[in-house]
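Here is a quick walk through one protein model, meant to be read with the structure open beside you. Where does the chain fold back on itself, and what sits inside?

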Amino acid sequence: MAKGYWVVTYRWVTDTDALARYGAQAAPVVLEAGGRFVIRGGKVTAREHGVAERTVVVEFADYDVAVATYESQAYQDAVRILDGVAERDFRIVEGAA
């Protein structure tokens with residue numbers, strides 16, 4: 001079965017304290033669901049139409065787990081912390097089989 005991934009690129013962040021609070025609340029939800037952070041910040045070199053902002057990639061056992069984790073109440077509670085202080089391009093993607 002193919003794995004599922006969250007691929008998240010931040011377009012902008014105006015409140016790094018809120019981002020830290022979000023991370024502290026969201027990470028345990030991800031880990032409890034069996035998610036594994038493949039990329040979590042670090043150096044970014046943007047090419048073509050990319051934006052050199054924070055990038056996060058999380059691997060899950062499969063696509064359905066990735067979707068269910070995103071839709072969970074616990075994750076939605078965490079993501080609300082970013083309302084108005086960050087804009088993200090958030091995709092849930094099925095990996096290659």
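A residue counts as buried here when its relative accessible area is under 20%, and as exposed when that figure is over 50%. Keep in mind that the model is predicted.

At the N-terminal end, H2 is capped by Asp62, which has a side-chain oxygen 3.0 Å from the backbone nitrogen of Asp64.

Is Thr69 buried or exposed? Its relative accessibility is 6%, so Thr69 counts as buried. A polar atom of the Thr69 side chain lies 2.8 Å from the backbone oxygen of Val65. Setting aside neighbours within four places in sequence, Thr69 is in contact with Trp6, Val29, Val30, Ala33, Phe60 and Tyr75.

**The largest pocket**

Next, the empty space. Rolling a probe the size of a water molecule over the atoms shows where such space is left. In this model the largest pocket holds about 190 Å³. Its lining is made of 16 residues, and the ones nearest the centre are Tyr22, Phe37, Arg40, Arg54 and Val56.

Which elements supply at least two residues each to that lining? They are strand S1 (4-13), helix H1 (16-32), strand S2 (36-40) and strand S3 (55-60). H1 gives the largest share, with seven residues. By type, the lining of the largest pocket splits into 12 nonpolar residues, one polar and three charged.

**Pairs separated in sequence**

Now for some pairs of residues from separate places along the chain. The table lists how many residues apart they are in sequence, and how far apart their C-alpha atoms sit.

| Pair | Separation in sequence | C-alpha to C-alpha distance |
|---|---|---|
| Ala96 and Ala2 | 94 residues | 6.0 Å |
| Val85 and Val13 | 72 residues | 5.7 Å |
| Ala24 and Ala78 | 54 residues | 8.7 Å |
| Arg91 and Arg80 | 11 residues | 17 Å |

Some context for these rows. Ala96 is in the segment after S4, and at 77% relative accessibility Ala96 counts as exposed. Ala24 lies in helix H1 and is exposed as well, with a relative accessible area of 55%.

Val85 is another story. This residue sits in the loop between H3 and S4, and its relative accessibility is 14%, so Val85 counts as buried. Which residues does Val85 touch, not counting those up to four places away in sequence? They are Trp12, Val13, Thr14, Asp15 and Ala18.

Arg91 is part of strand S4. Leaving out residues up to four places away in sequence, Arg91 touches Tyr5, Trp6 and Val7. Trp6 is also one of the contacts of Thr69. The side chain of Arg91 makes a polar contact with the side chain of Asp89, at 2.8 Å.

Finally, have a look at Glu48, in the loop between S2 and S3. Most residues other than glycine have a negative phi. Phi of Glu48, though, is near 55 degrees, a positive value in a residue other than glycine. Glu48 has a relative accessible area of 81%, so it is exposed.

Notes:
Residues numbered from 1 in each chain as written. Predicted model: local features only at pLDDT ≥ 70, side-chain atom pairs only at ≥ 80, totals over all residues. Heavy atoms only, no water. 1 Å grid on protein atoms, 1.4 Å probe; cavity = no way out; pocket = protein on both sides within 12 Å on 5 of 7 lines; lining within 4 Å. Points joined across faces, edges and corners; volume = space filled by probe spheres on them. Helix = DSSP H or I, 4+ residues; strand = E, 2+ residues; numbered from the N terminus. Nonpolar A, V, L, I, M, F, W, Y, C, P; charged D, E, K, R; others polar. Buried < 20%, exposed > 50% of the residue type's maximum accessible area, 1.4 Å probe, protein only. Polar contact = N/O pair within 3.5 Å; in protein donor to acceptor, adjacent residues only side chain to side chain. Contact = heavy atoms within 4.5 Å.
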